[in-house]
Amino acid sequence: MLLVCTRGLNKSVSVTVVGSQFAFYHSTEDSSTNPVVRRRRSVFSGFTHKPAVFDHERSAASKARKQIQWKDDCRVSSELRKLSLEDSAEWERPVKHKSTQDYKADNYEIVFGIAPCVLALTEGRRKARKLFVKDGEAAHRASVLKVCEEAHQRGVHVQRVSKRDLDKMCAGRAHQGVCLQASPLKYLTEDSALKRNYKSPPLWLVLEEIQDPMNLGAILRSAYFLGVDRVASSLRSSCPLSPVVSKASSGTMEVIGVYGYENLEDMLKVKVAQGWHVVGTVGAEAHECQIPVTQCSDFQITKPTLLLMGGEGEGLSQKLLSLCQTLLTIPAGRKLFPGIESLNVSVATGILLHSLLSSRSTR
């Protein structure tokens with residue numbers, strides 16, 4: 001029971017409250033003679049009394065909801081529940097106050113994308129530290145679950161984060177809902193190379209000063225697909241084996257080893273002394289030179305061969321061109337306008353590799 005003093009009436013008003021609803025309004029003043037009381041009564045009359053909900057009724061409703069939830073859970077296959085690391089101790093839900101700044105830890109970088117993350121985990125060339133997964137429905141896609149399962153099997157911590165956090169980790173690039181914190185990949189050295197017995201004349205792809213990571217990624221993907229025996233690159237003025245290269249290669253960089261050389265000229269001289277054939281590349285309208293120029297479709301691999309590809313813009317340096325024994329060119333299919341008479345280095349590499357390796361397989 002509450003006592004309410006009405007302004008200007010000097011009268012006591014009693015209000016009874018049940019379950020936060022007003023039950024009735026009573027005043028010692030005659031409402032028929034006082035318009036103020038009539039107005040106040042009309043205000044309170046809009047509230048209606050609702051019976052209180054007792055504990056046993058709440059318990060019954062809660063039990064019914066649990067039964068419905070249990071039936072819904074039964075519709076989900078046990079295999080999906082097993083794959084979805086929803087209740088796993090390794091699966092951490094995002095916490096608003098928790099920072100993801102630890103992804104910037106020293107000696108680690110962020111690999112992003114489904115294929116790069118899966119191959120980085122399965123190939124074991126990197127030291128994986130933590131897997132970040134986008135929270136929400138995307139976390140239950142089969143491809144994302146595959147990455148989580150590989151991480152879980154290897155004891156790599158899995159943490160759910162927001163899309164905004166993932167975007168920040170990979171500078172807004174296409175991460176497909178997953179980012180892996182792992183140690184960087186380095187160029188391999190000649191000392192780490194394993195001796196191989198080739199069944200057919202080997203083909204090495206030698207890259208000079210490829211600076212665009214998208215080009216390098218595309219080249220690695222083509223080289224791996226077509227069957228190149230080794231990829232070598234100059235260390236000076238070349239882009240590193242970064243996560244961008246890995247994503248552009250669709251994860252191929254995690255599989256194929258790329259050898260780095262401080263001095264390509266010295267390596268080529270050694271190979272020439274061992275009987276290897278050094279093949280360079282020029283444009284269709286190459287200037288006259290003493291080195292024979294051959295269309296790529298007319299060239300056949302008959303002995304161990306090195307195919308040299310120059311960087312964007314300048315092509316092969318004069319030092320490497322002077323070591324070439326044959327120059328290959330890709331003929332155009334029509335008359336070309338000035339400025340577009342050449343191919344992107346990654347596209348040209350794919351065409352040349354296909355032509356040379358096809359000739360090797362038909363011998």
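The model is predicted, so local features need pLDDT of at least 70 and side-chain atom pairs count only at pLDDT 80 or more, while totals for chains, interfaces and linings use all residues. Residues are numbered from 1 along each chain as its sequence is written, and side-chain values use heavy atoms, with hydrogens and water left out.

Helices (H or I, at least four residues) and strands (E, at least two) are DSSP runs, numbered from the N terminus. Buried here means under 20% relative accessible area, with exposed being over 50% and partly exposed in between (1.4 Å probe, protein chains only). Leu 203, Leu 205 and Leu 207 cover one side of E9, and Trp 204 and Val 206 the other.

Trp 204 has Arg 230 as its bridge partner in E10, and Val 206 has Ala 232.

Next along, 4 bridges join E10 in parallel to strand E11 (residues 258–261), with Val 231 opposite Val 258. Between E10 and E11 the chain passes through H8, and this β-α-β crossover is right-handed. Right-handed means that, with the strands pointing away from the viewer, the path from the first strand over the helix to the second runs clockwise. E9, H7 and E10 likewise make a right-handed β-α-β unit.

Helix H7 (residues 213–226) has 14 residues and spans 20 Å from its first C-alpha to its last, close to the expected 20 Å. That expected span is 1.5 Å times one less than the number of residues. After the helix comes Gly 227, with a positive phi near 105°. The buried residues of H7 are Asn 215, Leu 216, Gly 217, Ile 219, Leu 220 and Ala 223. Ile 219 has 0% relative accessibility. Leaving aside residues up to four places away in sequence, Ile 219 touches (heavy atoms within 4.5 Å) Leu 205, Leu 207, Ile 210, Val 345, Ser 346 and Thr 349.

Over in helix H8 (residues 243–248) is Ser 246, buried at a relative accessible area of 0%. Its side chain makes a polar contact with that of Glu 254 at 2.8 Å. A polar contact is a pair of N or O atoms within 3.5 Å; within protein, one must be able to donate a hydrogen and the other to accept it, and residues adjacent in sequence count only if both atoms are side-chain atoms.

As for cysteines, the disulfide count comes to 0, a disulfide being a pair of cysteine sulfur atoms within 2.5 Å. The sulfur of Cys 170 is 4.5 Å from its closest counterpart, in Cys 179, which is too far for a bond.

Conventions: Two strands pair if DSSP finds at least two bridges between them.
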